[in-house]
Amino acid sequence: MSPGVSTRPRRDPELSAEPVRARRAALVRPVVADAVGGLRRNGLMVAAAITTIAIALTVAGAGWLTSANVAHVAAILEGQVEVVGFLRRDLGAAQQQRLRGSVEGLSGVRSAEIVTRAEALRRLQRTFRSMASINELLPSNPLPDSIEVRVADAREVKAVAEALRRLPGVDEVAYGGTVVERLVAFTRAVRLGGVAVAGLLAAAALLIIVNTIRLTIAARRQEIEIMTLVGATRGFVRGPFVVEGVLQGGTAALIASVLLATGYIVLARQAATALPFLPLLSPAEVLPTTLVVVWVLGLTVGIAGSEIGLRRHLQS
Amino acid sequence: MIHFDSVGKRYATGVEALQGVNVRIEPGEFVFLVGPTGSGKTTFLRLIQRIEQPTTGRVMVDGIDVGALPPAQVPYLRRRLGAVFQDFKLLPDRTVAENVAFALRVTGVDDLEVAPRVAWALDTVGLAGRAGDLPGRLSGGEQQRVGIARAIVTRPRVVLADEPTGNLDPEAAWEIMHLLAKINLRGTTMVVTTHNATLVDVLRRRVVELCAGRVVRDESRGLYQTA
């Protein structure tokens with residue numbers, strides 16, 4: 001008997017107890033078997049394609065991780081922005097609390113806290129150890145009471161400062177002025193830049209993957225040509241190639257996931273000890289979404305690449 | 001069976017490949033399509049397979065207007081037509097049996113039927129003993145016989161052969177033509193384009209001659225050239 005042809009007897013779907021399931025299985029099995037056969041026959045080409053796709057996905061994933069961390073650091077920096085209002089000396093404690101109430105009612109304010117002059121002095125002494133004995137040098141505490149206001153969004157800091165300045169009982173307002181404005185402009189640019197870089201890398205990955213799959217399909221144009229000439233339907237021609245695309249995209253996504261996960265875990269651990277001031281996102285916080293992105297990108301592009309690659313060969 | 005009714009085909013490049021062609025081929029006929037290169041022979045076959053569509057007129061196969069067929073129906077038309085090519089079009093990385101089985105598998109024939117039908121087709125072309133070989137190990141004539149086995153394994157009512165002996169030495173060419181004649185005797189309609197005058201003259205079958213896209217001769221037991 002011819003060795004190339006399967007002669008294994010199989011149960012006739014018509015006679016099966018579950019004809020519908022058997023029929024479906026009979027339809028699915030050859031498509032998957034054809035896809036696996038196709039991958040095996042074109043081993044070198046497929047290995048090259050999977051490597052290329054894995055690299056592209058890893059780069060795109062790294063872009064995503066960088067962008068997420070940049071946004072995280074920017075958010076932390078912005079969260080530290082605050083407006084300080086120095087209060088008039090004649091303001092009593094009850095008036096101060098009323099003022100705090102109205103400050104908290106201002107739009108853009110997250111929280112407000114009264115800092116007494118005694119507390120302010122203690123902080124000053126804590127910050128500058130050399131001034132520990134300043135009490136003894138001064139006849140009285142020269143610092144005023146103040147109100148520290150944290151804003152909901154760093155971009156609103158100027159507006160909050162203006163509103164605070166207009167409130168009765170507030171003498172003077174400090175918020176870092178241009179420094180904060182520059183910080184806001186910087187973090188906004190970094191955020192946009194991060195998104196743009198991640199987007200560009202994803203687009204590049206997409207192009208590379210589609211092109212790679214197109215090449216593997218072009219290498220098999222004769223097979224496709226014969227298929228269409230002997231009367232294979234479009235669906236039949238497409239099926240194994242799309243499954244192949246999914247298998248290629250999936251394998252590459254798996255490789256990229258392993259590289260990204262191990263790489264990020266090692267990096268985060270090293271950064272925690274070597275650069276403690278750099279607050280990176282923990283792997284648990286950022287890896288799940290990153291891997292979802294990598295898998296969605298890998299599978300989608302696997303299917304899209306096959307469809308685009310096949311289109312020109314299926315025209316006649 | 002096949003009816004060309006005032007068929008014209010003009011390509012996008014402006015080339016008039018066929019003009020006013022009227023040919024009727026009855027079931028079971030063996031027809032040689034002859035004529036110089038560029039006379040429209042290949043276009044004639046491609047119109048039957050619906051690889052091309054006529055610009056004017058109608059091509060009917062089994063009563064179906066092939067040009068008007070919706071694209072989704074084209075595969076089912078092609079399953080009724082076996083095709084043999086000058087360059088064999090075999091898949092080099094698959095065995096002889098797999099190449100023949102390919103035509104059945106991609107048309108969704110049940111696995112149970114594949115092996116006996118492949119065995120029958122290979123037996124018909126005299127290659128039962130080479131089923132496990134790769135095409136690269138076969139001679140040109142043997143490779144073309146695999147191509148013919150693939151064309152007949154679906155049991156088509158028509159076989160279209162485009163220069164099937166074009167790449168073969170005279171002896172192999174004669175074997176191939178003899179094989180096509182044998183298949184024709186079983187009732188399969190055969191349309192064969194060729195430049196091989198000897199074969200046409202020895203077999204003495206119907207000859208349709210094309211020249212510059214027009215039918216210039218149609219003889220029932222013709223020669224390659226008019227005497």
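Why is helix α3 (residues 96–105) of chain B largely enclosed by the rest of the structure? The legends below, drawn from a predicted model, begin with this helix.

**View 1. Surroundings of helix α3 of chain B.** In this helix, 10 of the 10 residues are buried, so α3(B) is largely enclosed by the rest of the structure. Among the buried residues are Val96(B), Glu98(B), Phe102(B) and Arg105(B). The buried residues of α3(B) pack against α4 (111–124) and α5 (140–152) of chain B, and also against α8 (221–229) of chain A.

**View 2. The crossing of α3(B) and α4(B).** The axes of the two helices come within 9 Å and cross at roughly 120 degrees. This angle makes α3(B) oblique to α4(B), and the crossing is right-handed. On the α3(B) side, the contact includes Val100(B), Leu104(B) and Arg105(B); on the α4(B) side, it includes Val114(B), Arg117(B) and Leu122(B). The residues of this contact comprise 9 nonpolar, no polar and 2 charged.

**View 3. The open sheet of chain A.** Four strands, in the order β2-β3-β1-β4, form an open sheet with antiparallel pairing. Strands β2 (109–115) and β4 (170–174) stand at the edges with a single partner strand each, so one side of each has no neighbour in the sheet. Neighbouring strands are turned by 20 degrees against each other on average, direction ignored.

**View 4. Strands β1 and β3 of chain A, with helix α3(A).** Strands β1 (residues 82–87) and β3 (residues 146–151) run antiparallel and are joined by 5 bridges. Phe86(A) stands opposite Ser146(A) of β3(A). Helix α3 (residues 93–104) of chain A lies across β1, β2 and β3 of that chain, running at about 165 degrees to β2(A).

Note on methods
Residues numbered from 1 in each chain as written. Chains lettered and ligands numbered in written order. Predicted model: local features only at pLDDT ≥ 70, side-chain atom pairs only at ≥ 80, totals over all residues. Buried ≥ 20, exposed ≤ 12 C-beta atoms within 10 Å, placed from the backbone. Contact = placed C-beta atoms within 7 Å. Axes fitted to C-alpha atoms, helices over the stretch in contact; angles between N-to-C directions. Parallel < 35°, antiparallel > 145°, perpendicular 65-115°, else oblique. Left-handed = near helix turned anticlockwise from the far one by under 90°. Nonpolar A, V, L, I, M, F, W, Y, C, P; charged D, E, K, R; others polar. Pairing = 2+ DSSP bridges.
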